[in-house]
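I am opening a notebook on this structure.

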Amino acid sequence: MKIVKKSSIRLNIEHPVTTTTLSQLASREGDAETVTLGPWKLTWRRFRKHKMALVALGGMIVIFVYIFLGGLVFARGVCTPTGQYVTAEAYANCNDTSIKLQPPSSEHPFGTDTIGRDILARTIYGGQISLSIGVFAAIVEVVVGVLVGSIAGYFGRWLDDLLMRITEAMLIIPSLFLLIVLAKALGGKVPEIHLLGRSLSGSVVVIILVIGFTSWMYLARIVRANVLSLKELDFISASRALGVSDTRIIFKHLLPNTIAPIIVSATLGVSGSILSEAYVSFLGLGVQTPTASWGNMLDSSVKYIQSAPWLWFFPGLLILLTVLCINFIGDGLRDALDPRSTRHI
Amino acid sequence: MVNYIIRRLAQAIPQLLLISIILFMLMQAFGDPIASLGVRTPPRSADRERLRRQLGLDQPVYVQYFVWLVGNDWMKIDMDGDGVAETPGKRLGVLRGDFGNSLISKRPVLELITERLPNTLLLMVTAELVIIIFSLTIGVYSAVKQYSFFDNLVTGLSFVGYSMPIFLIALLSMYLFSINFKEWGLPYLPTVGMFDPEVGRTPGQIALHMILPVLSLSVISVAGYSRYVRSSMLEILGLDFIRTARAKGLRETLVVRRHALRNATLPFVTLIGLDIPFLLAGAVVTESIFAWPGTGRLFIERTAQSDFPVLMGILMMTAIAVVIFQLLTDIAYSYLDPRIRIE
C-alpha cells in the first residue's frame with residue numbers, strides 16, 4: 001500500500017507520465033505487484049478513499065436504474081381519453097384532464113400534473129431527457145473547449161490571441177443570458193426527431209447545442225494553460241524533430257497529458273448542463289412539451305406552489321439528487337486524478 | 001497603472017463590439033416583435049408594414065445594427081414607403097448613449113432600465129452582503145474547528161446547497177416560510193412583489209419582501225464561497241508566520257483575525273468582485289419567481305415579446321459592468337497584495 005502511495009505522488013500531470021514510464025517507476029521501487037498498476041487503477045484506488053464519492057456513485061447507479069428501468073414497472077395503464085392500454089412514454093404523455101392536479105395516491109404515487117399526466121412516469125422519461133442533455137451537452141462542451149484550448153495553446157501567436165479574445169468575449173455576458181438568447185433564437189427551428197421508436201421534441205437538440213456552446217470557455221482556458229506549459233518540454237521538441245505532425249502531437253502527446261482536468265470538467269459539465277437545462281426549461285424556453293424533462297415539469301409550477309406542491313417537489317428533488325451525486329463524483333475524481341490537490345474535504 | 005487601465009479598456013472595446021454583433025444577429029431570429037404586440041398588433045398588413053418601417057425593422061440586419069450602434073440622425077429615412085428618403089432620423093446610437101426605444105412601449109430603453117435598476121441593485125447588494133458575511137463567518141469557523149461536528153455538517157450542507165438550482169431553493173423556502181407558516185398560524189413571510197399594496201411602499205414592507213429572494217440568491221454562493229474561505233484559511237493557518245505569531249504568545253483570536261483572516265480574504269476579493277455583475281443573471285430566475293420588479297424580470301418579459309432594443313440594452317450594460325468590475329478587481333487586488341504589481 002505504501003508503495004502505491006509513493007508512485008501516486010509521482011503521477012504528476014505537469015511531468016508527463018505515461019503508462020510505461022509509470023510501470024518503470026514502480027519497478028524501480030521493486031514491487032512486482034505494483035508494476036501492473038496502470039494510471040487508471042491508481043486513480044480508482046484513490047477514488048475509493050473518497051467516501052462521499054463512492055456513496056454518490058452508488059446513488060447515481062440507483063438513479064440510472066430508476067430512469068432506465070423504472071418505465072417498465074411504473075409507466076403502464078389505461079389512458080382514459082383514448083381508452084387504450086398504453087405503456088412507456090405514451091403513458092407519461094397521456095393527459096386525462098378529468099384527473100388533473102391530483103395529490104399523490106396509490107394509483108399515481110407522485111400525483112398528476114396540470115393536465116392530468118402521471119408525474120411519476122414523467123419523472124422517469126423526463127429523467128432520460130435531462131440526463132441525455134447533461135451528457136451530450138458536456139460532450140459538446142469538451143469537444144469545443146479542448147479544440148479551442150489546444151489550438152490556441154499549441155499554435156500560439158495570432159491564433160492564440162484571436163481565440164482567447166473570443167473566449168473572453170463569451171465570458172463577458174453571464175451564461176444564463178447567453179442561454180436564454182440562444183434558446184429563444186434557435187427554439188422551434190428544429191423539427192421533431194424520431195429516434196429509437198421515440199419522437200422527441202427538436203428542442204432537445206437545440207438545448208444540447210446551446211448549453212454546450214455556452215459552457216466551453218473555462219475548459220478551453222485550462223487546456224490552453226496546460227498545453228502552453230507542456231509544449232516547452234523535451235519530449236514535444238523531440239516529436240517535432242522527428243517530424244511528427246501537429247495533429248498527432250496534439251492528440252497523442254499533449255491531450256493525454258491534460259486528461260485529468262478534462263475528465264473533471266466533463267463530469268462537472270454534466271451536472272452543470274442538467275442545471276442549465278432546468279433553468280431554461282423552467283423559464284419556458286427549453287425542452288417543449290409533450291416531451292418531458294425535469295426542467296419543464298417545473299415550468300409554471302410557481303402558480304401551484306400552494307395548491308399542488310407535488311408538481312415541483314419530485315422533479316426538483318431528482319434534479320438536486322442527480323446534480324449532488326455527479327458533483328461528489330467529480331470531486332472524488334479531482335482528488336483521485338491530481339494527487340497534489342490536497343483539497344480539504 | 002494608467003497604461004494598464006487604458007490597455008485593458010482598449011482590449012475590451014473590440015470584445016464588446018463582437019459580442020454585440022453576435023447578440024444582435026441572434027435576436028433577428030427571435031420572431032416578429034410586431035406579432036407579439038398582442039391586442040395592439042395592427043390587423044391590416046399595410047399598417048403592419050408601416051409600423052415596421054417606422055421602427056426601422058424593414059432594413060437589412062447590418063443597417064439595423066449600424067443604426068443601433070451609431071444612430072441615424074445624419075441621414076434621411078423613408079417613412080411613407082414611396083422609395084424616397086425624406087424624414088431625418090432621430091436616433092443617436094449606443095456609442096452616444098442612446099440605446100433606442102422599446103418596440104413594445106416606445107419608451108426609451110435607458111428609461112425602462114433605470115426604472116428597474118434600483119430594485120435589482122437593492123436585491124443584489126443585500127444578497128452580496130449576506131454572502132460575504134455568512135461565507136466568511138462559516139468558512140473561518142469551520143477552518144478553525146477543522147473536522148469538528150460543525151465543520152462536517154457545514155461540509156455536507158454546502159455540497160447540497162451548491163447543487164441546488166435557485167428555483168428549488170426559492171420554491172422550498174416559499175412553501176415553508178410563507179405557506180406552511182401561514183397554515184400553522186405562525187408569522188409568515190410574503191412571497192411575491194415588493195410591497196403589500198394595502199400597506200404601501202414602506203422600508204419595512206420592502207425589507208420583509210426581500211427576505212426570501214435574498215435567501216434564494218445567496219444560498220448557492222454562500223455554500224461555494226464558505227468552502228473557498230475554509231480551504232484558504234487552512235492553507236494560511238499552516239504557514240510558518242502563524243506558528244511564529246502563536247509562539248510569540250499572541251492570543252488565538254488575534255492570530256486568526258489579524259494574521260490569518262487578512263491573508264485568507266485576499267483571493268476572496270477577486271471572487272466577490274467577479275461575482276457581483278453575474279448576480280444580475282441569478283436575479284433573472286429569482287426575480288421572475290418572486291415577481292420582483294427588477295431588470296432580470298424585465299429581461300424575461302421582453303424576451304417573450306422579442307423587444308430586442310431593451311434586451312440589447314440590458315445585455316450591453318451587464319457586459320460593460322462585467323468589464324469594469326474585472327478591471328476594478330484587478331486594481332483592488334494589486335493594492336491589497338503588495339506582492340502583485342500591475343505593469
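I looked up the contact between the chains in this predicted model. I found 35 residues of chain A in contact with 37 residues of chain B. I then checked which helices of chain A supply at least two residues each to the side that touches chain B: helix H8 (157–172), helix H9 (175–186), helix H14 (259–282) and helix H16 (310–337) do. I sorted the residues of that side by class and got 27 nonpolar, 4 polar and 4 charged.

Next I looked at a helix pair inside chain A. I noted that helix H5 (residues 51–74) of chain A packs with H16(A) at an angle of about 140°, the axes being 8 Å apart. How are H5(A) and H16(A) oriented to each other? The rest of the angle range counts as oblique once angles over 145 are set aside as roughly antiparallel, and H5(A) and H16(A) are therefore oblique. I recorded the crossing of H5(A) with H16(A) as left-handed.

I listed the residues that make this contact. From H5(A) I have A:Met52, A:Ala53, A:Ala56, A:Leu57, A:Gly59, A:Met60 and A:Ile63. From H16(A) I have, among them, A:Leu321, A:Cys325, A:Phe328 and A:Asp331. By class I have 11 nonpolar, 3 polar and 1 charged residues in the contact of H5(A) with H16(A).

Last, I checked confidence. I read an ipTM of 0.84 and a pTM of 0.84 for the complex. For chain B I noted a mean pLDDT of 82, with 95% of its residues at 70 or more. Within chain B, confidence is lowest in strand E2 (residues 87–88), at a mean of 73, and highest in helix H4 (residues 109–144), at 89.

Conventions:
Residues are numbered from 1 along each chain as its sequence is written. Chains are lettered from A and ligands numbered from 1 in the order in which they are written. This is a predicted model: local features need pLDDT of at least 70, side-chain atom pairs count only at pLDDT 80 or more; totals for chains, interfaces and linings use all residues. pLDDT is the predictor's confidence in each residue, from 0 to 100. Helices (H or I, at least four residues) and strands (E, at least two) are DSSP runs, numbered from the N terminus. Two residues are in contact if their C-beta atoms, placed from the backbone, lie within 7 Å. Ala, Val, Leu, Ile, Met, Phe, Trp, Tyr, Cys and Pro count as nonpolar, Asp, Glu, Lys and Arg as charged, and the others, Gly among them, as polar. Axes are lines fitted to C-alpha atoms, for helices over the stretch in contact, and angles run from 0 to 180 degrees between N-to-C directions. Angles under 35 degrees count as roughly parallel, over 145 as roughly antiparallel, 65 to 115 as roughly perpendicular and the rest as oblique. A crossing is left-handed if the near helix is turned anticlockwise from the far one by less than a right angle, and right-handed if clockwise.
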